[in-house]
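Please look over the sequence and the structure below before reading on. The report that follows moves from a sheet to a ligand site and then to a few single residues.

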Amino acid sequence: MMPYPTLFSPASINQLTLKNRLVMTPMGCSLANTDGTITDEFIAYYAERAKGGAALIYTEVACVNSEHGRRSSRQIWLTDESQLPMLQKLTQTIHQYGCAIFPQLLHPGVISTNAANGGRPLPGPSGITSKFLKQEARAFEHDELKGLVQDFVRAAVLAKKAGFDGVEIHAAHHYPLHEFLSPYFNKRTDEYGGSFENRCRLLLEIVDAVRAAVGRAYPISVRVSAEDYMGDESYHLDENLKLCQLLEQHTVDVISVSVGGTENGRSHSLEPITYPQGWRRHLAKAIRTMVNIPVISTTVIRDPDYAESLLNEGYLDFVGMGRSFLADPEWPAKAAAGHPEDIRKCISCLRCIDSIKAGGTILCSVNPECGAEYAKKELVQNGDGRLCVIVGGGVAGMECARILAQRKFRVCLYEKEGHLGGQVYLAAQAPKKDKMQWFIDYEETQLRKLEVDICLNHAVTPEEILKLRPYLVVDATGSEPYLPPVEGIDGPLLTTPVEILSGKCQLTNQSVVLFGTGLTSLETAEYLTARGNMVTIIGESSRIASGGGSSVVIGEILRSLQQDNAVIMTGRKLLKIGTDRVVYQKVDTGEIFELPCDKAVMCKGVRSCGKIAAALQGRHPNVRVIGDAAKVGRIQEDVLAGYQLAMEV
Ligand SMILES: Cc1cc2nc3c(=O)[nH]c(=O)nc-3n(C[C@H](O)[C@H](O)[C@H](O)COP(=O)(O)O)c2cc1C
Ligand code: SF4
């Protein structure tokens, strides 16, 4: 019997029958050309997800007006017949796998940049600029709105010609079609502002015009934010329920439920690691009970058992997943085969969206092939049982071991601790960061299935390694805390984040000072406050987390620290660590202060180890260093390094 009978049962949108309930929601991938044409990289990226078993793929946001409607420089456009050949190549490729595909049509309004739009001011309902992007904005002229309707019509007609199975109109995430709905953003005094009916007018005009152009049988999807989280003046579920009923009356075939948007800085629609699976499923259910058309929703859906239960309990008709498809394109196939333990689950680290925001292409911390499908090398099984010794069971070492074992090398992995995961294991100990452990569990499961010899609690020596006469030695020993040369650094008052997060140094209800304002310091502080400690963070730099990290994640931690009354002081230089206090200097005034405490934690970053490679230099011909042992990086860089080495040896 099929392990997830509802998940893998067919269902329809209008007259389109989908083979299962798994839908990949739209995600910007920045793999198109700067003129909006589709590339082979773009096609290969989506093809991988279709091949993996998705029933329906929504593409990233497609531009409908290239003059003032560009979201980013490498998105696709649906503006011109000259784009048809590559669009057709895309749809034909996806259809080969029995998967349907819809483009998501968008005008980004003020959620873009002036630079991406020829330096022109960005149009929105009332000329209110984005709080975060802070670009020059203007209000849509009344007559311009008719043109905007036609932009969507032209794009939808082009999509139909290109062989797309339907279209989605993006009316969520604080983009203009959402902003028009929301009294917070829409201050217009013409027939597009004011009453609920007026605020819905533009979206309904677009729906009607698109419907008239594509015919009744062609599926139209609308993505909505069920709540916009902009405070009292904002747009709430009650109005959204009425809107969804109107959309159904106007012959929309499916509602895709999301929430929020960019403008409150909280990333409700693209949740950081702290949000549990299903946290907003009630919004989808509320909509589903009010309409007679299918409802798709994302809500941090990561495992098939949970997805099946959402369907069976009537929360949704189709399971919307974005990042699960980045982390593992074969998510559906593995679930269908009854092997959920083989699914590499998204850990909600937000590295993918950070890459896009920084002008890069799509990538994923846990899936080194994400965004690189076109250039992907074939995995050649020519290991012939040759022995590879990997020292260090962090994520770089584990990923390297996994690929080497798949290539039929014999792999022996040594880890000095009693568990795998290295720094990621420690990070998983911080409050609500348990999803990090998912990735470690995935790797460990795969390594055991591949019969990798895992030796825990074994700090292997160079001599032991040489005795094994391995073909390859990989130094993946990671990093160690950096201890700056400060008076008292060796004293008993001081400890490190590693000691704290590993539980070797247990503190409760104590007064603790942390030095450094980087992400590790903030996460360690959060761990400590959760155990009742009074925390003070002292940093020399005037900025918090200047070393990087997702701004959303940092914002979440800072909010939690504030709630727990943690004190953060920047612009302070550490002078001395005493036996029961620390001494620091205020950088701008030179004043010196003493701060009594029970414990001090040095969070000034880490330094690469690489000791095994150094000890084997000149004694073994094939020693490689990867991950933090080579260069301190985030999970994505470490996993990629392990993967790349294993693919190339
Ligand atoms: C890199 C990235 C880009 C995204 N771009 C879009 C987009 O173009 N349009 C959209 O409606 N949602 C976009 N989203 C949101 C996703 O469709 C999805 O709703 C969100 O990731 C939450 O679902 P998940 O937890 O299953 O990933 C994007 C998400 C990511 C990670
Ligand atoms: S980068 Fe992180 S958030 Fe994005 S898909 Fe991968 S694991 Fe998920």
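The model shown here is a predicted one, and every value below was computed from it.

With that definition in hand, one can describe an open sheet of five strands, whose order is β19-β26-β20-β21-β22 and whose pairing is parallel. Because β19 (494–495) and β22 (567–569) stand at the edges and each has a single partner strand, one side of each is left without a neighbour in the sheet. The partner of β19 is β26 (residues 599–602), and these strands pair in the parallel sense over two bridges. Within this pair, Leu494 stands opposite Ala600 of β26.

Asn533 is found in the loop between α17 (519–529) and β21 (534–538). Is Asn533 buried or exposed? Its relative accessibility is 3%, so Asn533 counts as buried, since the limit for that class is under 20%. A polar atom of the Asn533 side chain lies 2.9 Å from the backbone oxygen of Leu528. When neighbours within four places in sequence are left aside, the residues in contact with Asn533 are Leu507, Thr508, Asn509, Gln510, Val512 and Leu528.

The ligand site comes next. There are 21 residues around ligand 1, and those that come nearest are Pro26, Gln104, Arg223, Gly322 and Arg323. Sorted by class, this shell has nine nonpolar, eight polar and four charged residues. Some polar atoms of the protein and of ligand 1 are listed here with their distances.

| Residue and its atom | Atom of ligand 1 | Distance |
|---|---|---|
| Gly28, polar backbone atom | nitrogen | 2.9 Å |
| Gln104, N or O atom in the side chain | nitrogen | 2.8 Å |
| Arg223, polar side-chain atom | oxygen | 2.7 Å |

On its own, ligand 1 has 600 Å² of accessible area, and the protein covers 95% of it.

In helix α8 (residues 304–312), the buried residues are Pro304, Tyr306, Ala307, Glu308, Leu310 and Leu311. What covers them includes α7 (281–290), β13 (318–321) and α10 (331–336). Helix α8 is followed by Gly314, which has a positive phi near 75 degrees. In helix α12 (residues 395–406) one finds Cys400, which is buried, with a relative accessible area of 0%. Not counting residues up to four places away in sequence, Cys400 touches Ile390, Val474, Ile626, Gly642, Leu645 and Ala646. From C-alpha to C-alpha, Cys400 and Lys285 are 43 Å apart in space, and they are 115 residues apart in sequence.

Backbone angles give a last point to examine. Most residues other than glycine have a negative phi. Tyr229, however, is not a glycine and has a positive phi of about 50 degrees; Tyr229 lies in the loop between β10 (220–225) and α6 (237–249). Asp384 is likewise a residue other than glycine, with a positive phi near 50 degrees, and its place is in the loop between α11 (351–357) and β14 (387–391). As for accessibility, Tyr229 is partly exposed, with a relative accessible area of 25%, whereas Asp384, at 67% relative accessibility, counts as exposed.

Note on methods
Residues numbered from 1 in each chain as written. Chains lettered and ligands numbered in written order. Predicted model: local features only at pLDDT ≥ 70, side-chain atom pairs only at ≥ 80, totals over all residues. Heavy atoms only, no water. Helix = DSSP H or I, 4+ residues; strand = E, 2+ residues; numbered from the N terminus. Buried < 20%, exposed > 50% of the residue type's maximum accessible area, 1.4 Å probe, protein only. Contact = heavy atoms within 4.5 Å. Near = heavy atom within 4 Å. Polar contact = N/O pair within 3.5 Å; in protein donor to acceptor, adjacent residues only side chain to side chain. Areas by Shrake-Rupley, 256 points an atom, 1.4 Å probe, with all protein chains shown as cover. Nonpolar A, V, L, I, M, F, W, Y, C, P; charged D, E, K, R; others polar. Pairing = 2+ DSSP bridges.
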